[in-house]
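Have a look at the picture first.

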Amino acid sequence: MAAMRSFIRVCSLQATFSHTRFHLSLRTLEPPVIYHRLLLFRINKPEDSNTVQEPAGPSWKAPELYCMEETCPHLGAPLSHAEIEDIEDTKAIVCPWHQYDFDLNDGSSSTGLQACTYEVQVRGGQDEAEVWIEAPHLSPSAPQRDWELVEMRGVSEEFLDPPMPSLSRLSLSEDIEHTSRSSFPSSTATLPEDLPTSLLGFAHLILRTSNPELKCLLTREAVTRLRAGKLKSIRPSVGEIKREREKEGGLLGEPPREVEMIAPGKAPRRGKGGSEKSRIMMLHALANIEQYAIDLAWDIIARFADFTVNGERLPVEYFLDWAKVAEDEAKHYTLLARRLVELGSYFGAHTVHAGLWESATQTADSLSARIAIIHLVAEARGIDMNPLTLAKLQAAGDKESSRVLEIIHADEITHVTTGHRWFTWLCQKQGVDPITTFREEVFANFRGKIKGPFNAADRLKAGLTPDFYEDFSGGLGSNLDNVNTANGGIKVKEPEGDEHIHPRLT
């Protein structure tokens, strides 16, 4: 007997009218935690039906909606930007990597492959209509799991409805809502002529790039080529990993910088955000975090490209997820750098520190430790601090800076979700408990207490229950005096805990 199908509420029907394509991220409600990524397509536009504009009645017609897996079943290539074509009276999506077609109704393909599709239902009357999708089945023999929607976001500005004006005409104050996912302000940096042909090649090149503008431009180019099927590989072969690491520089201990670097404990005070000078210092510190975040996303691709667990390599989705994080971080840096210019400053006008990268160095030999410290401690700290910083900017009447931080905050929640997804995946593969393992990694690789205040609501959205942050401390260096007595005997207390990796800006 076939298992009874269950459905998940996604959104109101009206919420699908902002874009024609959406990423959906689902997560099981009970452990073991499993993530699942889908794409939701809306084929016809709202004005093509009488939805919303006309009174409810016999003439009401809902838009055509389809849902399927986010990646191609052939080699795992992303389908988010694939073309949709009419093939024999059906709608089919065509993978940009090898031109495999998949029927949006049933997932069938002329190649004989089969993609997973999910029924979409529109429930309710016209004004109250809601979109529900069929819940994933992990396997025919597995019991049905209860799922929750973690995230729904438009794929990119390419699929806005109505389309977005030319990026060259955008201003930060007028159209920043439309830049909230993938668009970048214009840049004076130019791409080199000889570019890599693989995702790993781009990762190494970007890590070697010192100019932050060029770093952002290369990141955008890498992800654009990835989605268009213009790279030779997403998950590298063992031979490709070896070749990239034998090139000049190999795996870098630390990415180069074009700004003046100081020790974390010597960072100047930034104030409370009441003055323009103070806000510039705050935004400059955040831009520095985002610059390092770009490199951290590419480093977790390059450094752990050959990682295996129980003989199994990391799946293609791992590389896709962190490339998307890198794209977001480049967008964040670009928005912050442009805002600094609008305030009469620029990135590099003040000193910066590499506290965040020091934690990356500490976790360079362990993927579990890297995700725990960088993404479930440091990046989660950003979830806590961003709303407090945002309140200061709003109190000062700085609407443009506030809008930038709102964009960053929304994206950072999804980045912590990505960290949680791959940390729990790794723990499941190793047969260990995620909470216990997380606490062990933090104790071994983090210095100081995990400090509040905690943004419990947004942490929970990202998958972090209180067990991930309440009532415990890192034990790194716990047997050492936390006072540096160099400098002629003058005692200088070193920053510890989250203050070392994420500035307290409030």
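How many helices and strands are there in the protein? There are 12 helices and 19 strands, taken from DSSP runs (H or I of at least four residues for helices, E of at least two for strands) and numbered from the N terminus. Keep in mind that this is a predicted model, where local features need pLDDT of at least 70, side-chain atom pairs count only at pLDDT 80 or more, and totals for chains, interfaces and linings use all residues. Residues are numbered from 1 along each chain as its sequence is written, and side-chain values use heavy atoms, with hydrogens and water left out.

Now for the inside. Of the 506 residues, 54% count as buried, meaning under 20% relative accessible area, with exposed over 50% and partly exposed in between (1.4 Å probe, protein chains only). In general, nonpolar side chains in soluble globular proteins tend to be buried together. Here the largest nonpolar core has 107 residues; such a core is a set of buried Ala, Val, Leu, Ile, Met, Phe, Trp, Tyr and Cys residues joined through side-chain atoms within 4.5 Å. Helix α6 (residues 316-342) gives this core its largest share, 14 residues. Leu-367 is one of the residues with the most contacts inside the core. Setting aside residues up to four places away in sequence, Leu-367 touches Ile-300, Phe-304, Phe-307, Leu-314, Tyr-318 and Leu-426, a contact being heavy atoms within 4.5 Å. Another core, of 19 residues, lies apart from that one and includes Cys-11 and Leu-13.

Next, follow helix α2 (residues 199-208), which is mostly covered: 9 of its 10 residues are buried. Among them are Leu-199, Phe-202 and His-204. The cover includes α3 (212-227), α4 (238-246), α5 (276-302) and α6.

For a crossing of helices, find α8 (residues 367-395) and α10 (residues 434-445), which pack at an angle of about 85° with their axes 9 Å apart. That makes α8 roughly perpendicular to α10, a label for angles of 65 to 115 degrees. On the α8 side the contact involves residues including Ala-369 and Ile-373, while α10 brings in Phe-438 and Val-442, among others.

Last stop: the loop between β11 (147-154) and α1 (172-175), where Glu-158 lies. Glu-158 is exposed, with a relative accessible area of 56%. Glu-158 and Arg-21 are 137 residues apart in sequence, yet 9.4 Å apart in space, C-alpha to C-alpha.

Definitions and conventions. Axes are lines fitted to C-alpha atoms, for helices over the stretch in contact, and angles run from 0 to 180 degrees between N-to-C directions. Angles under 35 degrees count as roughly parallel, over 145 as roughly antiparallel, 65 to 115 as roughly perpendicular and the rest as oblique.
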